[in-house]
Amino acid sequence: MYIPRANEENRIPVLHELIAAEPLASLVTLTSSGLFASHIPMVLEDDGSEFGVLRGHISRANPQWKDITASVDALAIFAGHHHYISASWYPGKYEDGKEVPTWNYVVVHAYGPLKLVEDAQWLMAHLERLTDVNEAGSLAPWKVSDAPAEFIRSMLNGIIGVELPIRRLEGKWKVSQNRTEKDREGVIEGLTKLNTPESLAMKELVANRP
């Protein structure tokens, strides 16, 4: 990923925080016919390594797992808040007109070798962990054990586990850091006036980024 110095984010806790907040990953692998992507929730686990390990699962009916180039790292993409930035929000638009729109966004790329897992015990532990993490905010959290054991076993037969030990972790926070203070103030004002959840989230990123 191309990351200008102003947009680089390399603080591991910050990168991990985005992964936890936006767990739906775009899992990209190289196959014999080209690139293949699946969109799956993944859980970041601490395995004692520098960056951690990602765990998820895909359907057995998904052909991705049957054709993976082991010599090429897989890529898991986690996208955070993003928003269109109008050129009309910059003071320069009214001074000389030399402005263009852009798009602000935050994203994390995690690279590593993809391992396939078919062990039933591993899969069960993964599903319980995945469920517990995502049900944590529920008033009545659903647990895997709420479903009949035989039913769950049959569901396990339809999935393949995936494990990605993270070898390289990249973060890009493109939130107007390269603009002047007046330009950033204009962006903040424009996003505030839109008053949508996504515009207000981006406003906070622009306002609080060093």
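Me: Where is L30 found?
Reply: L30 is found in strand 2, residues 24-31. Keep in mind that this is a predicted model.

Me: Which residues make the nonpolar surface patch with L30?
Reply: L35 and V72 make the patch together with L30, and its area is about 270 Å².

Me: Next, S38. Which strand?
Reply: S38 sits in strand 3, residues 34-41.

Me: And is S38 buried or exposed?
Reply: S38 is buried, with a relative accessible area of 7%. The cut-off for buried is under 20%.

Me: What does the S38 side chain have a polar contact with?
Reply: The side chain of Q64, at 2.5 Å.

Me: What else is S38 in contact with, leaving aside neighbours within four places in sequence?
Reply: Besides Q64, the contacts of S38 are A25, S26, L27 and N62.

Me: Moving to strand 7. How many of its residues are buried?
Reply: Strand 7 covers residues 102-112, and eight of its eleven residues are buried, so the strand is largely enclosed by the rest of the structure.

Me: How does strand 6 run against strand 7?
Reply: Antiparallel, with ten bridges joining strand 6 (residues 74-85) to strand 7.

Me: How do side chains sit along a regular strand, in general?
Reply: They alternate between the two faces of the sheet.

Me: Strand 5, then. Mostly covered or mostly open?
Reply: Mostly covered: strand 5 spans residues 53-59, and five of its seven residues are buried.

Me: Which way does strand 4 run relative to strand 5, and over how many bridges?
Reply: Strand 4 (residues 43-45) is antiparallel to strand 5, and three bridges join them. V43 has R55 in strand 5 as its bridge partner.

Me: How many bridges join strand 5 to strand 9?
Reply: Seven, and the two strands run antiparallel, with strand 9 at residues 159-165. In strand 9, I160 is the bridge partner of I58.

Me: Change of topic. How many salt bridges does the structure hold?
Reply: Twelve. One of them is between the side chains of E45 and R129, at 3.2 Å from N to O. That pair links distant parts of the chain, with E45 in strand 4 and R129 in helix 3 (residues 120-135), 84 residues apart.

Me: Are E45 and R129 buried or partly exposed?
Reply: E45 is buried, with a relative accessible area of 18%, whereas R129 counts as partly exposed at 38% relative accessibility.

Me: What does E118 form a salt bridge with?
Reply: With R60, the closest N and O atoms being 2.7 Å apart. E118 lies in the loop between strand 8 and helix 3, and R60 in the loop between strand 5 and strand 6, so the pair ties together parts that are 58 residues apart in sequence. R60 counts as partly exposed, at 28% relative accessibility.

Me: What about K203 and E204, how far apart are N and O there?
Reply: 3.3 Å, in a salt bridge between the two side chains. E204 counts as partly exposed, with a relative accessibility of 39%.

Me: Last one: K115. Where is it found?
Reply: K115 is found in strand 8, residues 115-117. K115 is partly exposed, with a relative accessible area of 48%.

Me: What is K115 in contact with, leaving aside neighbours within four places in sequence?
Reply: G161, V162 and E163.

Me: And how far apart in space are K115 and G137?
Reply: 30 Å from C-alpha to C-alpha, while the two are 22 residues apart in sequence.

Key:
Residues numbered from 1 in each chain as written. Predicted model: local features only at pLDDT ≥ 70, side-chain atom pairs only at ≥ 80, totals over all residues. Heavy atoms only, no water. Helix = DSSP H or I, 4+ residues; strand = E, 2+ residues; numbered from the N terminus. Buried < 20%, exposed > 50% of the residue type's maximum accessible area, 1.4 Å probe, protein only. Polar contact = N/O pair within 3.5 Å; in protein donor to acceptor, adjacent residues only side chain to side chain. Contact = heavy atoms within 4.5 Å. Pairing = 2+ DSSP bridges. Patch = residues over 30% accessible without salt bridge, like charges linked within 9 Å, V, L, I, M, F, W, Y side chains within 5 Å. Areas by Shrake-Rupley, 256 points an atom, 1.4 Å probe, with all protein chains shown as cover. Salt bridge = Lys/Arg side-chain N within 4 Å of Asp/Glu carboxyl O.
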